[in-house]
Amino acid sequence: MVRLYDQSFEILKRELQKNAKKDLVGEVGAGIILRRLEKMRLQSGEPLSLDELQNLVADQFPDFNQSVLKQAAKANHPIGIGSKILLGTAVLGGFVGIVAVANLPYPMIRFPVSKTVPILLIPSYISMDYNYRQAVSLVEQSDQLINQATAITDIELGVEKVGKAQKHLDKLPVWFLGYYPQAYCSFMGCIWRFTFDEYEGARKNIGRMESKIFQEQNAYQEYTKAEQLIKESQNNFPKLPPGNEQQQMITLWQKAIDQLDKIPSETLAGKLAEKELETAQRDFKQQLGFVAGAIKGNTLIDAGMQFGIQAAKAAQNPPHTAKEWEKVIKLWQEAIRRLEEVPTDNPSYLDAQKKLAEYQSNLGSSESRLQAEKDAVESVKQAKAAIAQWQTSARSKDPDIASLIGQLTDIISMLEQVPAGTTVSAQAQNLLRSAAHTRDKLYIN
């Protein structure tokens, strides 16, 4: 005779599957109960009663559907076992006082009772069985919650369950190790052999879970710190001026990313960190690329401005010779070349374009001054040659006055073309006055 018949098992299984769909804790609890029921299907003995079925599920599902339990209990009793239970209850009822004394928490009382009339210790065995079941169940639940955690709330719930498991384990009578209650367990179907090894195994499981919880909590604290520092660095970095402050922020930012990368991958925090690490590194590189581009662009602008400053200095206090204007032009051209190297996608591109427009205008002015200087020098040169020729004609024995006046008029027209602000402007004006005075004298004569 098996302790749990298939029909009863299927009834309970259907109800457990409904409870498992509610949440993660329900799924874990359902798995624990199903494993217990499977063991009962393999054990020989008296079929499980309603109370026994209730005990099997109560620790995981205190609110388990009573009608389903009654239906399963009814399906699990093809023969009348109720009379046997009533008989046992009546016998025990007559010894309530004796049982109460026998179950006092004193080894000197329990030890001889366990050797002579162990059945009197059934309440102690029930307590042992209950606390052991609770401890194992809670550790299994915390194991599932922590090792399959998807949020910090799962870990916090696991911590709570480990604490409860420890309390149940503390209630087990360690002094009673090794005294396996065969009569009770053959009746109730114990799932444990209450030995020292069994007790130590439960302790080790709790210790393992406490160590795992400590690791998870530390890892999550590191994850939270790194995540916060990354967010602060990302928000504050663009607001800082270039220089030491930006460099310090870059160092802190990189440190936070490295900290995120070092979080153990087997922890919940490690799994969360893996998802964020790629994004954090990408944002970091993008921001550094932006800064590097800005620095490079600013460097080119600064270099161009240095050449522009030198060009402006060289152009001061005109007039200047053609060679001097050519030097100014080369400086402006070099300044413009540096500014033109700033690419369109560079953050400093607009600043470079503003300077570029200014420098191109200055270059155009310098080129105009150079051409004016060259034209003025050439005009004075031609005027001097014409004056020399006029002087030769004027020294002849019989000079042609009308021709001399015409030559002077051409010389005057040539000198009038020399603009002001050139190196030969003053000389041109002197020659112009002399030529005009000479022409006026010829007219009078």
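Predicted model: local features only at pLDDT ≥ 70, side-chain atom pairs only at ≥ 80, totals over all residues.
Trainee: Let's start with the overall picture. How many helices and strands does the protein have?

Mentor: The secondary structure comes to 17 helices and 0 strands. Buried residues make up 37% of the 445 residues. The accessible surface is about 25,300 Å², and 55% of that belongs to carbon and sulfur atoms. Among contacts between residues at least 6 apart in sequence, 70% join residues at least 24 apart.

Trainee: Where is confidence lowest, and where is it highest?

Mentor: The average pLDDT is 78, and 79% of the residues score at least 70. Confidence is lowest in helix α5 (residues 82–93), with a mean of 43, and highest in helix α14 (residues 322–340), at 94. Over residues 79–95 the pLDDT stays under 50, and the model has 5 contacts beyond four places in sequence for that stretch.

Trainee: Which residues touch the most other members of the largest nonpolar core?

Mentor: That core holds 20 residues, and Leu4, Leu12, Leu16, Leu37, Leu53, Leu56 and Phe64 touch the most other members. The elements giving two or more residues to this core are α1 (6–20), α2 (24–42), α3 (50–58) and α4 (66–75). With 5 residues, α1 gives the most.

Trainee: What does Leu12 touch, not counting residues up to four places away in sequence?

Mentor: Leu12 touches Leu37, Leu53, Phe64, Val68, Leu69 and Ala72. There is also a second, separate core of 18 residues, which includes Tyr223, Phe237, Ala256 and Ile257.

Trainee: Now the aromatic pairs. Why is the pair of Phe61 and Phe64 called tilted?

Mentor: A search of the whole structure finds 3 aromatic pairs. For Phe61 and Phe64, the ring centres are 6.3 Å apart and the planes are at 55 degrees.

Trainee: Why is Tyr220 called partly exposed, while Tyr223 is called buried?

Mentor: Buried means under 20% relative accessible area, exposed means over 50%, and partly exposed is in between. Tyr220 has 23% relative accessibility, so it counts as partly exposed. Tyr223 has a relative accessible area of 5%, so it is buried.

Trainee: How do you know that Leu260 is buried?

Mentor: Its relative accessible area is 2%, and the limit is under 20%, so Leu260 is buried. Leu260 is found in helix α12 (residues 244–261). Leaving aside neighbours within four places in sequence, Leu260 is in contact with Tyr223, Ala226, Ile230, Ala273, Glu276 and Leu277. Leu260 and Lys225 are 35 residues apart in sequence and 9.0 Å apart in space, C-alpha to C-alpha.

Trainee: What makes Ser379 count as buried?

Mentor: Ser379 has 15% relative accessibility, which is under 20%, so it counts as buried. Ser379 lies in helix α15 (residues 349–394). Beyond its neighbours within four places in sequence, Ser379 is in contact with Met414 and Val418.

Trainee: Which peptide bond is cis, from Pro318 to what?

Mentor: The peptide bond from Pro318 to Pro319 is cis, with omega near 10 degrees. Pro319 lies in the loop between α13 (268–314) and α14.

Trainee: One last item: what makes you place Arg41 over the face of Phe9?

Mentor: Arg41 lies over that face at 4.0 Å from the ring centre. The distance limit for a charge over a ring is within 6 Å, and the charge must also be within 35 degrees of the ring normal.

Key: Residues numbered from 1 in each chain as written. Heavy atoms only, no water. Core = buried A, V, L, I, M, F, W, Y, C linked by side-chain atoms within 4.5 Å. Buried < 20%, exposed > 50% of the residue type's maximum accessible area, 1.4 Å probe, protein only. Helix = DSSP H or I, 4+ residues; strand = E, 2+ residues; numbered from the N terminus. Contact = heavy atoms within 4.5 Å. Areas by Shrake-Rupley, 256 points an atom, 1.4 Å probe, with all protein chains shown as cover. pLDDT = per-residue confidence, 0-100. Phe/Tyr/Trp six-rings, centres within 6.5 Å; stacked < 30°, edge-to-face > 60°.
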